[in-house]
Amino acid sequence: MGCGECVKACPTSAWTRQEEPFYRVILGGRTGRQTPRAGKVFLNWASEDVVLSILGNWQKFSAWVMDYKPEYLHGGHLIDRAGYKKFKEIILDGVELNPKCLVAEDMFWHENEYRSNFNVKPPSMHHHAGPASDTSHV
């Protein structure tokens with residue numbers, strides 16, 4: 001699991017661990033009957049400062065995706081709508097990564113689309129991410 005708690009229980013002190021805690025950030029997972037999926041690792045070995053900085057950028061990312069409208073959409077759906085590359089660009093903006101921190105280059109989920117076909121719909125019903133006037137993603 002990588003939690004390091006076994007270090008405390010080892011009677012021979014064969015294992016050691018650093019004093020500074022590091023975190024793994026997993027995102028995009030969701031439960032439910034229609035489109036469940038497991039989350040994927042976004043960051044590994046991130047410091048607390050990195051995690052807090054990323055959480056500080058979440059509102060900016062969410063607002064951009066929703067075109068600054070006060071609506072709710074699950075975080076995984078927000079990432080789907082914006083695309084992982086745009087998510088990573090906005091969420092890491094101004095974040096100073098610690099030297100050990102690893103970031104996922106890309107992220108791919110395997111949906112059960114054959115069952116629900118939730119991504120198959122007329123183009124007029126397709127969602128866009130960001131302000132309607134923003135054409136940088138086209």
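This is a predicted model: local features need pLDDT of at least 70, side-chain atom pairs count only at pLDDT 80 or more; totals for chains, interfaces and linings use all residues.
**Exercise 1. Get your bearings: how many helices and strands does the protein have, and in what order do the elements run from the N terminus on?**

*Solution.* 
Step 1: Count them up, and you get five helices and three strands.
Step 2: Now walk along from the N terminus, and the elements read α-β-β-α-α-α-β-α.

**Exercise 2. Work out the order of the strands in the sheet, and find which strands stand at the edges.**

*Solution.* 
Step 1: The three strands make an open sheet in the order β1-β2-β3, and the pairing is antiparallel.
Step 2: β1 (23–27) and β3 (102–103) each have a single partner strand, so they stand at the edges, with one side of each lacking a neighbour in the sheet.
Step 3: Zoom in on β2 and β3: two bridges join them, and Asn44 has Leu102 in β3 as its bridge partner.
Step 4: Helix α4 (residues 84–91) lies across β1, β2 and β3, at about 30° to β2.

**Exercise 3. Classify two aromatic pairs: Phe42 with Tyr84, and Trp58 with Phe61.**

*Solution.* 
Step 1: You need two things, since a pair of aromatic rings is described by the distance of the centres and the angle of the planes.
Step 2: There are seven aromatic pairs in total. For Phe42 and Tyr84, the centres are 6.2 Å apart and the planes are at 80°, so this pair is edge-to-face.
Step 3: Phe42 sits in strand β2 and Tyr84 in helix α4, so the pair ties together parts 42 residues apart in sequence. Phe42 is buried at 1% relative accessible area, and Tyr84 is buried at 6%.
Step 4: Trp58 and Phe61 are 5.3 Å apart centre to centre with 55° between the planes, which is a tilted pair. These two are three residues apart in helix α2, about one helical turn. Trp58 is partly exposed at 29%, whereas Phe61 is buried at 0%.

**Exercise 4. Is Ser47 buried or exposed, and which residues is Ser47 in contact with beyond its neighbours within four places in sequence?**

*Solution.* 
Step 1: Find Ser47 in the loop between β2 (40–46) and α2 (48–65).
Step 2: Its relative accessibility is 8%, so Ser47 counts as buried; the cut-off is under 20%.
Step 3: Leaving those neighbours aside, Ser47 is in contact with Glu20, Phe22, Tyr23 and Asn98.

Note on methods: Residues are numbered from 1 along each chain as its sequence is written. Side-chain values use heavy atoms; hydrogens and water are left out. Helices (H or I, at least four residues) and strands (E, at least two) are DSSP runs, numbered from the N terminus. Buried means under 20% relative accessible area, exposed over 50%, partly exposed in between (1.4 Å probe, protein chains only). Contact means heavy atoms within 4.5 Å. Two strands pair if DSSP finds at least two bridges between them. Axes are lines fitted to C-alpha atoms, for helices over the stretch in contact, and angles run from 0 to 180 degrees between N-to-C directions. Rings of Phe, Tyr and Trp (its six-membered ring) pair if their centres lie within 6.5 Å; planes under 30 degrees apart count as stacked, over 60 as edge-to-face and the rest as tilted.
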